[in-house]
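Work through these exercises on helix packing. Each task is followed by its solution.

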Amino acid sequence: MQILVVDDSKAMRSIVMRAVRQAMPAGLNVELRVIGGATVAETLHGRIIVAHERLGDLSEGERQFVLAHELGHVIAGHWLQMVNVYRRWVPGAVTQDKTDPVAGPLGREASGLSHRQEFEADAYALRVIRSLGRPSSDAWSAFIALGMTQDTATHPATRKRVAALKADEMAPTGAGGNAE
Ligand SMILES: [Zn+2]
């Protein structure tokens with residue numbers, strides 16, 4: 001595992017490293033970058049997790065939930081799933097003159113997939129924090145701390161994500177509801 005922390009705060013580095021080490025399966029090849037700016041956390045190219053320094057303001061369990069969510073994207077291979085959707089609609093090089101004619105159906109399929117991936121990563125993250133002995137309420141409070149949002153092209157509204165997680169929590173073990 002390669003970890004690149006772009007932040008000169010020693011406290012932030014140790015906070016993030018501790019959360020990642022606990023949530024990360026051994027042998028997973030992921031690069032971690034800690035940044036300033038608007039993004040809270042995201043996964044790039046399927047293996048680089050970008051974590052915002054604001055994560056340092058969350059509680060340990062909330063932080064583990066957010067980072068485990070990003071790890072969930074990596075482990076489930078979500079980047080490749082999305083690449084394959086684009087490949088199917090736009091064989092060959094992706095250029096604007098090729099994407100424009102299929103923008104409608106491609107956009108709908110990509111958005112639907114992206115929403116399913118978010119629910120799946122949330123469900124994974126909830127399982128991780130519970131396996132670390134954290135209460136499920138750390139997941140809800142992470143959402144609240146990071147701010148409630150409406151539906152976007154890539155992300156379901158926060159209230160839908162929390163509702164899906166609460167349904168997962170009630171379901172018998174293993175019935176994630178949002179797996180592949
Ligand atoms: Zn996500």
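Axes are lines fitted to C-alpha atoms, for helices over the stretch in contact, and angles run from 0 to 180 degrees between N-to-C directions. The model is predicted.

**Exercise 1.** Determine how α2 and α5 are oriented to each other, and list the residues in their contact.

*Solution.* 
- Step 1. Take the axes: those of α2 and α5 come within 7 Å and cross at roughly 130°.
- Step 2. Classify the angle. Over 145 degrees counts as roughly antiparallel, and 65 to 115 as roughly perpendicular. α2 and α5 are therefore oblique to each other.
- Step 3. Assign the hand: the crossing of α2 and α5 is right-handed.
- Step 4. List the residues. α2 supplies Gly61, Gln64, Phe65, Ala68, His69, Gly72 and His73. α5 supplies Gln117, Glu120, Ala121, Asp122, Tyr124, Ala125, Val128 and Ile129.
- Step 5. Sort by class: the contact of α2 with α5 has seven nonpolar, six polar and two charged residues.

**Exercise 2.** Describe how α7 packs against α5 and against α6.

*Solution.* 
- Step 1. Start with α5 (residues 103-131) and α7 (residues 158-170). Their axes come within 10 Å and cross at roughly 50°. That makes α5 oblique to α7.
- Step 2. Assign the hand: α5 passes α7 in a right-handed crossing.
- Step 3. List the contact. Glu118, Phe119, Asp122, Ala123 and Leu126 of α5 meet Arg161, Ala164, Leu165, Asp168 and Glu169 of α7. By class, this contact has five nonpolar, no polar and five charged residues.
- Step 4. Turn to α6 (residues 137-146). Its axis lies 11 Å from that of α7, at an angle of about 180°. α6 and α7 are therefore roughly antiparallel to each other.
- Step 5. List this contact too. Ala139, Trp140 and Phe143 of α6 meet Thr158, Arg161, Val162 and Leu165 of α7. By class, the contact of α6 with α7 has five nonpolar, one polar and one charged residues.

Notes
Residues are numbered from 1 along each chain as its sequence is written. This is a predicted model: local features need pLDDT of at least 70, side-chain atom pairs count only at pLDDT 80 or more; totals for chains, interfaces and linings use all residues. Helices (H or I, at least four residues) and strands (E, at least two) are DSSP runs, numbered from the N terminus. Angles under 35 degrees count as roughly parallel, over 145 as roughly antiparallel, 65 to 115 as roughly perpendicular and the rest as oblique. A crossing is left-handed if the near helix is turned anticlockwise from the far one by less than a right angle, and right-handed if clockwise. Two residues are in contact if their C-beta atoms, placed from the backbone, lie within 7 Å. Ala, Val, Leu, Ile, Met, Phe, Trp, Tyr, Cys and Pro count as nonpolar, Asp, Glu, Lys and Arg as charged, and the others, Gly among them, as polar.
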